[in-house]
Amino acid sequence: MTNTVKEVLTDCTLCYHSCGIRVFVEDGKAIKVEGLESHPLNKGKLCTKGEAMLENIYSPHRLKYPMKKGKGGWERISWEQALDEIAEKLLSLKNLYGPTVLGVFSGSVGVENLEMVGLTQRFKAAFGSPNFFSVESICYRMRIRTRQITFGKYPTEELDSKLYILWGHNPDASDFPLRLAIEENLKKGSKLVVIDPKRIPLADRAEMYLRIRPGTDGAMALAMINVIINENLYDSEFIEKYTIGFDRLVPHIQQYTPEWAEKITWVPAEDIRKLARMFANTKGASIYQGTCTQDQTANGTQNSRAFSVLQTITGNINIPGGWVISPRLPLGNVGIEVEGEPLGADRYPLFYEVWGRKSPYGVVTCLPENIPEKIKAFFVIGGNPIVSMPDSNAFKEAFKRLELLVVHDLFMTETGSLAHYLLPACSHLEKWGLAYTYNVCHCLPYLMLRKKAIEPLYESWSEWKFFTELAKRLGIGDKFYWKSEEELVAFELGPTGLTFEELLNEKPEGSFYQEKQYGMKDGRFSTPSRKIEIYSEALKMVGFDPLPTYLEPQRSPISSLELLEKYPLILSTGNRNYYYTHSQFRHIQMLNKKSPEPYLEIGPQTAKKYDIKEGDEVIVETNRGSVRMKAHVDDAVAEGVVFVPHGWEKDANANLLTDTNCREPIMGYPELKSLLCNIRKNIER
Ligand SMILES: Nc1nc2c(c(=O)[nH]1)N[C@H]1C(S)=C(S)[C@@H](COP(=O)(O)OP(=O)(O)OC[C@H]3O[C@@H](n4cnc5c(=O)[nH]c(N)nc54)[C@H](O)[C@@H]3O)O[C@H]1N2
Ligand SMILES: Nc1nc2c(c(=O)[nH]1)N[C@H]1C(S)=C(S)[C@@H](COP(=O)(O)OP(=O)(O)OC[C@H]3O[C@@H](n4cnc5c(=O)[nH]c(N)nc54)[C@H](O)[C@@H]3O)O[C@H]1N2
Ligand code: SF4
Ligand SMILES: [Mo]
């Protein structure tokens, strides 16, 4: 026994932010975790989840060995047996029906876990299937796609801004690095605006708080464009030099007056004008659209388009505090190509392909209806789709029809409980990887090595080991040729010019690989026109409006009069809980003490109307199902709106209420923020 304590500098992957951490390891055991001061995202701080990391890693609930579902329940088996049997079943399905009957899924951990998502992709392609699913078809990819078709690349909001417009984004719950940055910048004089049906805590510090009706953000954005154009507040020089389509936007936008938007959004026309003026008059202003909020509505793609146009016509592109295209590292691509298109590509072509550039993702809302005809075997590698994907009943029924369901996770989940084989996974402290801060919402040109700080616990295996061993048994071992995780990471680093050793020994705390560059450089964007496409040919080609428009939620007090009698309230699901990431960490005492159970949120008048008091158990019902949870009555919440949190299992699972058939028309995303529901006090108990 030695008593030397080793310090390992690595990152936290308990959510996708990838904050820097310092892990203290004694005799092979991680004993303490601190925030890493030099890391540009968290600057030495950790959120409460991060502080609870070791309780998660050393939880008694970790899966300890592979298990197989037998007639009498779960049986412990060896990895060898699990791999042999899974391989045999996969080969027999391949022989009978072809390779495309395999589907794979990675959850939100895939975003911060390049190796996990890359290897999962590679595996299905090596097997011969294009059917890769992930949270990419329900979360942020829509905003990435939309900004790509507008700007050629993906510009993102910066951590520092002069004017933060939090448009369906609550950093106190979901965005720790941004919350830290806002605090610092408010002290320096930055301004804040909040647009949200709930008065979030930051609204108290804001210049304006606008209480919007869920799902109607696009209408408000269009009215802001209208004001900026009609009051000549736009940046004509920028528009002239760098954009196409402004001339067509001007007549198109006339229909979307602030008075028109007021009727739809509940936001007073005068407030829309005031905000439009404030935004247009600030250089270094940014719209921080919710990381998924705006995507999970009927008007999702067009919402993002309208925000892109707002940033563009005010010249808030590639300037500090605006939306900025960050330099990106050319990493070695772990994924490989395969023939054929994933499910949903035909119906939602823009999600799949733009200008000949294809993405590997299928559309997850299309999945349940295709099981078992098209998909018979399914792998879930780090995700809990039965809880996290829309319409849990549809997913549960579909997963029960699978011939093979394999789940690789650290814990038993509701998805795992349906599996035929349940395999124990390593945590981020138990494997090598790349922590690449080309993040979903704040892309920073920063990179560090994710270090294996401790040996894998119990019989847990990394994704690299699992896929490499399985591939050998499937006759596709040549596609998994890396001899170790370190070699895999070195391969990823290949095209960057950085080496594994350099990052390990010389830059253990990580480093910026490039400076952010502001300005227009040669003034060209990588769209076909080489300009910012206010008028989008890409949208036109797939049959949608090339200029931003507004579509009312499919189920709303305006669009669904026939449903209103039965479901008179607006339902928005999935506001983040600071203490949890989706369905994870409910077993961590330190977190569970802070948030022991789910609460739906309603305003006081709504509560009164339904005779509901604080803490009463309530049943929420939609056309798809019902959930039960206690009520929190709060005047921060807009009247007539019910917020149901997601990530809770069993009869508190918000996705029992959502509907795979209620989709955004361009990219097929589920509408999760603007549905209709009913509530009643549960008097059965
Ligand atoms: N602690 C924690 N952090 C997380 C996660 C987690 O599970 N836990 N998940 C991560 C992931 S994967 C994601 S995608 C992001 C999600 O991040 P976001 O999508 O930004 O979600 P939130 O920050 O919860 O903010 C949602 C806000 O939008 C408001 N809102 C709801 N409906 C509407 C609407 O129609 N219009 C407008 N304007 N506002 C609306 C809600 O009241 C809430 O205040 O969070 C990430 N961070
Ligand atoms: N109604 C409603 N539903 C929503 C949302 C909403 O707003 N409303 N938001 C959606 C969004 S934006 C997202 S991103 C999804 C998230 O959906 P998911 O990513 O499916 O949700 P998680 O509960 O985070 O599941 C991650 C799982 O991965 C496991 N895991 C963690 N690390 C590793 C690892 O290194 N390897 C392996 N093999 N497993 C690991 C965890 O234990 C956990 O079980 O939820 C979505 N669901
Ligand atoms: S925000 Fe919290 S959970 Fe997410 S990476 Fe940072 S410390 Fe970890
Ligand atoms: Mo997400």
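This is a predicted model: local features need pLDDT of at least 70, side-chain atom pairs count only at pLDDT 80 or more; totals for chains, interfaces and linings use all residues.
Ala, Val, Leu, Ile, Met, Phe, Trp, Tyr, Cys and Pro count here as nonpolar, Asp, Glu, Lys and Arg as charged, and the others, Gly among them, as polar. On that scheme the shell around ligand 1 divides into 13 nonpolar, 15 polar and five charged residues.

Ligand 1 is surrounded by 33 residues, of which H169, S174, D196, D217 and Y580 are the closest. Two of these aspartates make side-chain contacts with the ligand. In D196, a polar side-chain atom lies 2.6 Å from an oxygen atom of ligand 1. In D217, a polar side-chain atom lies 2.7 Å from a nitrogen atom of ligand 1. The backbone also takes part: a polar backbone atom of C292 is 2.9 Å from an oxygen atom of the ligand. Taken alone, ligand 1 exposes 920 Å², and the protein buries 99% of that area. The shell takes at least three residues from domain 3 (155–324 + 522–541) and at least three from domain 4 (561–681).

A polar side-chain atom of N113 lies 3.4 Å from an oxygen atom of ligand 2. An oxygen atom of the ligand is also found 2.8 Å from a polar backbone atom of N384. On its own, ligand 2 has 920 Å² of accessible area, and the protein covers 97% of it.

Ligand 3 has C12, L14, C15, S18, C19, L46, C47, K49, G50 and F176 around it. Seven residues of this shell are nonpolar, two are polar and one is charged.

Strand β18 covers residues 404–409, and six of its six residues are buried. With strand β17 (residues 377–381), β18 pairs in the parallel sense over five bridges, and A377 stands opposite L404. With strand β19 (residues 421–424), β18 pairs in the parallel sense over four bridges, and L423 is the bridge partner of H408.

Strand β6 (residues 102–106) is mostly covered, with five of its five residues buried. From β6, L102, V104 and S106 point one way, while G103 and F105 point the other way; all are buried. Strand β7 (residues 132–134) pairs with β6 in the parallel sense over three bridges, and S134 in β7 is the bridge partner of S106.

Some single residues complete the picture. R555 is found in the loop between α21 (537–541) and α22 (561–564). Is R555 buried or exposed? R555 counts as buried because its relative accessible area is 17%, which is under the 20% cut-off. The side chains of R555 and D659 are joined by a polar contact of 3.1 Å.

Another arginine, R530, lies in the loop between β22 (511–512) and β23 (532–533). Its relative accessibility is 39%, so R530 counts as partly exposed. R530 and T243 are 287 residues apart along the chain, and their C-alpha atoms are separated by 8.6 Å.

L488 is found in helix α19 (residues 485–493). With a relative accessible area of 1%, L488 is buried. The C-alpha atoms of L488 and G433 are separated by 8.4 Å, and the two residues are 55 residues apart along the chain.

Conventions:
Residues are numbered from 1 along each chain as its sequence is written. Chains are lettered from A and ligands numbered from 1 in the order in which they are written. Side-chain values use heavy atoms; hydrogens and water are left out. A polar contact is a pair of N or O atoms within 3.5 Å; within protein, one must be able to donate a hydrogen and the other to accept it, and residues adjacent in sequence count only if both atoms are side-chain atoms. Accessible areas come from the Shrake-Rupley method with a 1.4 Å probe; for residues, only the protein chains shown count as cover. Buried means under 20% relative accessible area, exposed over 50%, partly exposed in between (1.4 Å probe, protein chains only). Helices (H or I, at least four residues) and strands (E, at least two) are DSSP runs, numbered from the N terminus. Two strands pair if DSSP finds at least two bridges between them. A residue is near a molecule or strand if one of its heavy atoms lies within 4 Å of it. Domain bounds come from an automatic or database domain assignment.
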